[in-house]
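Trainee: I have a chain to go through with you. Can we take it question by question?

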Amino acid sequence: MSDQPQRAGGGIEEIIDRYQNMVYGLALARTGSAADADDVFQEVFWACHQSGKEFKDEEHRKAWLLRVTVNCAKTLLHSPWRRRTVPLLESYPAADPEE
């Protein structure tokens with residue numbers, strides 16, 4: 001490891017390759033939906049790319065990505081849109097096949 005700070009922007013492809021499974025897995029666990037996990041995944045790596053944040057080392061970068069993932073998932077789950085929707089299966093129960 002070098003003592004030089006590492007920018008998040010320059011090698012975003014390498015960052016995604018290294019941390020994609022961790023970020024996606026945490027997003028999926030927090031949201032419970034693959035579609036929502038995809039949204040969180042994209043938002044996290046977009047934030048990483050845009051931040052220009054300098055990291056002391058890879059552990060610092062990993063901790064930052066985990067915290068941003070949790071925060072993005074929490075924001076998504078508490079959004080006004082999400083509070084006003086219900087899953088389709090609860091709204092329209094399936095017809096009873098015995099009838």
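Trainee: In which helix is the place of Asp 36?

Mentor: This is a predicted model: local features need pLDDT of at least 70, side-chain atom pairs count only at pLDDT 80 or more, and totals for chains, interfaces and linings use all residues. Residues are numbered from 1 along each chain as its sequence is written, and side-chain values use heavy atoms, with hydrogens and water left out. Helices are DSSP runs of H or I, at least four residues; strands are runs of E, at least two; both are numbered from the N terminus. Asp 36 has its place in helix H2.

Trainee: Is Asp 36 buried or exposed?

Mentor: Buried means under 20% relative accessible area, exposed over 50%, partly exposed in between (1.4 Å probe, protein chains only). Asp 36 has a relative accessible area of 12%, so Asp 36 is buried.

Trainee: Which residues does Asp 36 touch, not counting residues up to four places away in sequence?

Mentor: Contact means heavy atoms within 4.5 Å. With residues up to four places away not counted, Asp 36 touches Thr 31, Leu 76 and Arg 82.

Trainee: Leaving aside neighbours within four places in sequence, with which residues is Leu 65 in contact?

Mentor: Leu 65 is one of the buried residues of H3. Beyond its neighbours within four places, Leu 65 is in contact with Ile 15, Tyr 19, Met 22, Val 23, Val 44, Phe 45 and Cys 48.

Trainee: How many disulfides are there?

Mentor: Cys 48 has 0% relative accessibility, so Cys 48 counts as buried. Cys 72 counts as buried too, at 10% relative accessibility. A disulfide needs a pair of cysteine sulfur atoms within 2.5 Å. By this rule the count is zero.

Trainee: What pattern does the protein chain follow along the sequence?

Mentor: The secondary structure comes to five helices and two strands. Read along the sequence, the pattern is β-α-α-β-α-α-α.
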